[in-house]
Amino acid sequence: MNEGGFFGEYGGRYVAEVLRGPLENLENEFRLAQTDEAFFSELENLRRNFIGRPTPLLPALNASSSIGGADIYIKLEGLANTGAHKINNAIGQALLAKRMGKTRVIAESGAGQHGVACAAACARLKIDCVVYMGEEDIRRQRPNVYWMKLYGAEVKSVSSGTRTLKDSVNAALRDWASSWENTHYLLGSALGPSPFPDMVRSFQSVIGRETKAQLGDVTPDALVACVGGGSNAIGFFEPYLEGVRPILLGAEAGGRGAGIGNNASRISGDGRISIVHGYKSRFLVDLDGQVLPTHSISAGLDYPGIGPQLAYLAESGRIRFVSVRDDEALEALKFFAIEEGLIFAMESAHAGAAAITLARSLGPGKTVVVNMSGRGDKDIFISAAALDGPAWKTFLREQSITEEDS
Amino acid sequence: MNSDVKASLITHMIAGYPDFEKSLEVARGLIAGGAYALEIQIPFSDPNADGPLIENACRVALSRGFKVADTWRLLEVIRAESSIPIFLMSYASTAISCGLANFLRRAVEFATTGIIIPNLVPGADEGLFRTAAELGCPAVPVLVPWISDQRLDEILSMPIDWIYVALRSGITGAYTQIEAPQRSFLAKIRTRQRRPRIMAGFGIQKTAQVANLLEFVEAAVVGSAIVKTISGARHPGEAVRKLVGELQNIKLPKTPG
Ligand SMILES: Cc1ncc(COP(=O)(O)O)c(C=O)c1O
């Protein structure tokens, strides 16, 4: 499917000359590692003993009967160490970095989930780790910053541009342009210049392979995942990409609704073809090609671009996309907490909301599998404020006073 | 230092920084200061091949509502006053937004000498190198000194008049020593038959660097140093005029007033 890093017209390697060599080298090393038994047995070992794989596939019986539609299964990626699927890719690439003799890893981070995963993977594998994070995201996701530091990573605050995820990608690319000799750039989603989209899909495809095995005789009618850059979605869908079934549904951030700056819907909204961050895809850019601001209640979906393979599969019709608004994601968050005792990550709650709608429309006798890409512990400051505003504020105030006293 | 060297500076500026009128003053100042050519950058929201100074300048220009169309307006005014060579720098996103060929045609309208798009390199260029050459404003590839000979051949086989050598690993903005590896790379290109002209930059901010560099290349590119000067200046046009003069070690006549 992938010719020269392209998926149809999307993808490629649109980087300055300085990064061409390092990316070619990475591609070669990744290819070599893929046929290296020792590499895979170590990866397998880390998946089992460090990440905690396989993650469960839960038949969500309560949710299914409450909805009265299709049977819902939930892949519990959120039970992986560090709380999200991001660790699958982080461990894979960190191991590759080590194999390449790199002593330092840099990463971008928005929500902080990828940053936390990288920091943990690097602690485990004894590699220096630097995480770039926008000032605005540091403010929004402070708890994750503490975890990264506890793992021994250095968190570098990015004060340029909009001070969010896209700017931390720029900062990491800048670092890499002068540090590639000893440093690996551990990109966190299925995007960026080739070979990142292939590599990230490859490390995340463990989600889909496990799900398929766990489903056994059950043939799913639909798979649903949320799509930020697209790494959990493409990894979850991977074994099912060939052919026309099951339905593959991607949930993008619908934010506050339509309009510039209100959402991050690249496919289901107003994405335009452009080249940003080293790859060609659909981006939220204006008529001049300037990257537009985005919004989502979930920091992990709050990014103006989408992985090139997802853009391609959207165009081919293989993956369908819907927008899920902030309020709909919050409803789904409450629903799965009450029905199944699961707190979805805010990102994953977008997939949850899309799955509920789809299960209703498909009706009984069908099967819908949704990927809970992360668990929602990290979101407490956002979900509590949104669902229980005044009481949460009071708690925070009391807490800060207690802290000062002690 | 050889004071007989006819210094040749290509001066980098950002269209619309700090605002449209002032960027016009800057262009005038650079021309008056004796720049050989202007490299005019179209501001982009995510200029990740540039350093923080230039990124900030882009942000300032864009926050004041600068549009790609304003670049053409700026070029039109400059062209009415001067025939100085102009290199236009853009990122891929702004260059392809209305179609790459349309973009190049606009550039040619204002007698642009060359197009610099750092994230469209030969072989992954969306047809930039061919189309730009056909239209008469060849693209300028940005090279780094440690590329392989094979890659160098590939780049030099493109239809080009100029190449831009980025002297330092990494992005623009920090001070560059022009050391043995860079010198030998430049010497390697100079031994080629039918070689393109060379501009070199990244971190040039001292008169001595310029003089040293001009022993090896046709032009030294000064970027961040100019942006820095503009950002601290009450009268950016006059400030850059002086800077360009100093960098070329040329004594300028005092302007009246
Ligand atoms: C739990 C969770 N899900 C999904 C995403 C979105 O990323 P992707 O689309 O690459 O899976 C993130 C990103 O931070 C995340 O933390």
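Is A:Lys126 buried or exposed, and what is its relative accessible area? A:Lys126 is exposed, because its relative accessible area is 68% and the cut-off for exposed is over 50%. Keep in mind that this is a predicted model.

You'll find A:Lys126 in the loop between helix H5 (113-125) and strand S6 (128-134) of chain A.

B:Ala111 isn't a glycine, yet its phi is positive, at about 50°. B:Ala111 sits in the loop between helix H5 (100-109) and strand S4 (114-116) of chain B. With a relative accessibility of 45%, B:Ala111 counts as partly exposed, because that class runs between the 20% and 50% cut-offs.

**Cis peptide bonds**

Next, a pair of peptide bonds to look at, one in chain A and one in chain B. Here they are side by side:

| Residues joined by the cis bond | Omega |
|---|---|
| A:Arg245 and A:Pro246 | about -10° |
| B:Tyr17 and B:Pro18 | about -5° |

Where do these prolines sit in their chains? A:Pro246 belongs to the loop between helix H11 (231-237) and strand S10 (247-255) of chain A. For B:Pro18, the place is the loop between strand S1 (9-14) and helix H1 (20-33) of chain B.

**Two crossing helices in chain A**

Which residues meet where H1(A) and H8(A) are in contact? From H1(A) come A:Val18, A:Leu19, A:Pro22 and A:Leu23. On the H8(A) side, their partners are A:Leu173, A:Trp176 and A:Ala177.

Last stop: the surface of chain A, where A:Ile380, A:Phe381, A:Phe395 and A:Leu396 make a nonpolar patch of about 330 Å². Helix H16 (380-387) and helix H17 (389-405) of chain A each supply at least two residues of this patch.

Take A:Phe395, which is found in helix H17 of chain A.

Technical notes
Residues are numbered from 1 along each chain as its sequence is written. Chains are lettered from A and ligands numbered from 1 in the order in which they are written. This is a predicted model: local features need pLDDT of at least 70, side-chain atom pairs count only at pLDDT 80 or more; totals for chains, interfaces and linings use all residues. Side-chain values use heavy atoms; hydrogens and water are left out. Patches are made of residues with over 30% relative accessible area and no salt bridge: like charges are joined within 9 Å, nonpolar side chains (Val, Leu, Ile, Met, Phe, Trp, Tyr) within 5 Å. Accessible areas come from the Shrake-Rupley method with a 1.4 Å probe; for residues, only the protein chains shown count as cover. A salt bridge is a side-chain nitrogen of Lys or Arg within 4 Å of a carboxyl oxygen of Asp or Glu. Helices (H or I, at least four residues) and strands (E, at least two) are DSSP runs, numbered from the N terminus. Contact means heavy atoms within 4.5 Å. Buried means under 20% relative accessible area, exposed over 50%, partly exposed in between (1.4 Å probe, protein chains only).
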